[in-house]
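Here are some friendly notes to read alongside the structure. Take them one point at a time, and keep the 3D view open as you go.

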Amino acid sequence: MKDDTIITHSGRHPERHFGVVNTPVFRASTILNATVADLKAPKGLRDPRYGRRGTPTVFTLEDAVAELEGAYGTVVTPSGLAAVTTAMLAFLETGDHVLMVDCVYGPARRFAGTFLKRMGIETTFFDPAIGAGIAELMRPNTKIVYLEAPGSQTFDMQDIPAIAAVVRPRGAKVLIDNTWATPLFFKPYEHGVDVSIHAGTKYIVGHSDAMIGVVTANEESFPALRDSFDTLGACAGPDDVYLATRGLRTMAVRLRQHQANATKMAEWLQTRPEVSRVLYPALPDNPGHAIWKRDFLGASGLFGVVLKPVSDTAVAAMLDGLELYGMGASWGGYESLILPTDARPYRTATTWAPEGPTLRIHAGLEDVGDLIADLEEGFGRLKQAA
Ligand SMILES: *Cc1c(COP(=O)(O)O)cnc(C)c1O
């Protein structure tokens with residue numbers, strides 16, 4: 001079945017809930033057993049036994065995402081960052097080594113530099129363009145190669161199959177933060193990935209009103225992931241899981257509009273004299289375009305814009321007057337957002353040298369003509385203040 005069908009039907013069992021279309025919000029800590037024999041009977045992952053271990057509300061989201069992404073199993077965490085840490089800790093112990101892409105989400109880098117370091121786990125950052133060259137950085141104790149494509153803020157692509165072809169025969173796991181592409185626009189298990197991480201807070205929830213994390217894994221990696229999840233105990237609350245599942249049902253149609261709007265905005269921005277370059281792999285002249293086209297099925301609504309050199313005051317004049325763009329952390333909701341970003345301090349393996357100030361734009365579901373007109377007026381203020 002095609003994704004539009006899977007996303008509509010997967011994980012739902014109305015016949016078990018009086019015909020109710022959506023799996024209800026089950027609130028549970030205790031789950032009762034009728035007899036001592038029931039209490040002692042071996043239970044599978046789909047037999048509710050304790051709130052933290054999952055209820056039908058949680059199983060619905062787990063099954064839906066697993067089916068959509070082509071994974072063997074899923075765990076659901078209370079945030080995207082908890083998904084990152086639960087996934088990494090599944091495969092690491094003291095003395096291990098991690099390879100992490102240099103354009104990784106900032107808090108994931110922080111986890112490596114603080115917590116993992118304290119545990120005696122060393123992390124080496126690498127150039128997103130490394131490809132099969134990753135072989136030179138592999139050590140006998142390398143357990144995880146951590147990817148994020150396109151990368152946070154700078155939107156660098158990685159040659160995932162080329163990296164996986166080197167890493168997996170050596171017994172290390174390939175993890176990817178697949179938040180940007182979602183399970184719809186990148187199918188990690190068709191490209192050599194072992195574990196896929198999502199800040200469901202973004203497109204899966206899709207309405208800026210809940211935090212959730214999702215990790216999926218292939219069959220070989222799932223037992224360790226599930227064990228990490230059960231050991232750490234970071235389970236998501238039932239209302240947030242429900243909102244994530246409800247968001248997921250419409251993600252395919254939302255993403256089509258996010259992609260259409262982002263593409264039009266990116267193309268328009270490329271024609272602007274104030275703009276140096278647009279960071280969006282769907283654009284044909286983007287350095288990551290060939291890889292994106294080969295491996296990805298679409299582009300979501302988040303992209304970067306490097307301006308020509310201009311003062312921060314002028315950028316503030318542009319942004320402060322925008323009517324349709326909110327300024328704040330996160331993205332993936334139905335509404336448009338804009339932020340000044342600066343990826344320079346994060347890089348350690350490579351140098352990020354933008355020509356001018358950088359903006360990160362999330363193209364929401366508004367009319368794209370209105371979105372562009374608002375930016376155009378913003379450029380007027382930028383010019384005046386410059
Ligand atoms: C937002 C984000 C996260 C973290 O998700 P939270 O739900 O905010 O904890 C992880 N990875 C990427 C790429 C993100 O954009």
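How many aromatic pairs does the structure hold?

1. Let us begin with that count. The structure holds eight aromatic pairs, and please keep in mind that this is a predicted model. A pair of aromatic rings is described by the distance of the centres and the angle of the planes. Take tryptophan 268 and phenylalanine 379 as one example: their ring centres are 6.0 Å apart and their planes meet at 40°, so the pair is tilted. Planes under 30 degrees apart would count as stacked, and planes over 60 as edge-to-face. The two partners come from distant parts of the chain, 111 residues apart, with tryptophan 268 in helix α10 (residues 251–270) and phenylalanine 379 in helix α13 (residues 368–385).

2. Next, follow α10 to a sheet. This helix lies across β8, β9 and β11, and runs at about 10° to β9. The sheet is open and has four strands, in the order β8-β9-β11-β10, with antiparallel pairing. Its edges are β8 (275–279) and β10 (337–341); each has a single partner strand, so one side of each is left without a neighbour in the sheet. On average, neighbouring strands here are turned by 25° against each other, direction ignored.

3. Now look inside that sheet. Strand β9 (residues 302–307) and strand β11 (residues 358–362) are paired in the antiparallel sense over five bridges.

4. Which strand pairs with β1 in the antiparallel sense? The partner is strand β7 (residues 213–217), and the two are joined over five bridges. Within this pairing, glycine 73 has alanine 217 of β7 as its bridge partner.

5. Turn to the ligand. There are 13 residues around it, and Gly80, Leu81, Asp177, Thr201 and Lys202 come nearest. A backbone N or O atom of glycine 80 lies 2.8 Å from a ligand oxygen atom, and a polar backbone atom of leucine 81 is also 2.8 Å from an oxygen atom of the ligand. From tryptophan 331, a polar side-chain atom lies 3.5 Å from a ligand oxygen atom. Taken alone the ligand exposes 380 Å², and the protein buries 90% of that.

6. Finally, two backbone details to check in the loops. Alanine 149 and proline 150 are joined by a cis peptide bond, with omega at about -10°; you will find proline 150 in the loop between β4 and α6 (160–167). Phenylalanine 18 has phi near 60°, a positive value in a residue other than glycine. Look for phenylalanine 18 in the loop between α1 (3–9) and α2 (36–40).

Technical notes:
Residues numbered from 1 in each chain as written. Predicted model: local features only at pLDDT ≥ 70, side-chain atom pairs only at ≥ 80, totals over all residues. Heavy atoms only, no water. Pairing = 2+ DSSP bridges. Near = heavy atom within 4 Å. Polar contact = N/O pair within 3.5 Å; in protein donor to acceptor, adjacent residues only side chain to side chain. Areas by Shrake-Rupley, 256 points an atom, 1.4 Å probe, with all protein chains shown as cover. Phe/Tyr/Trp six-rings, centres within 6.5 Å; stacked < 30°, edge-to-face > 60°. Axes fitted to C-alpha atoms, helices over the stretch in contact; angles between N-to-C directions. Contact = heavy atoms within 4.5 Å.
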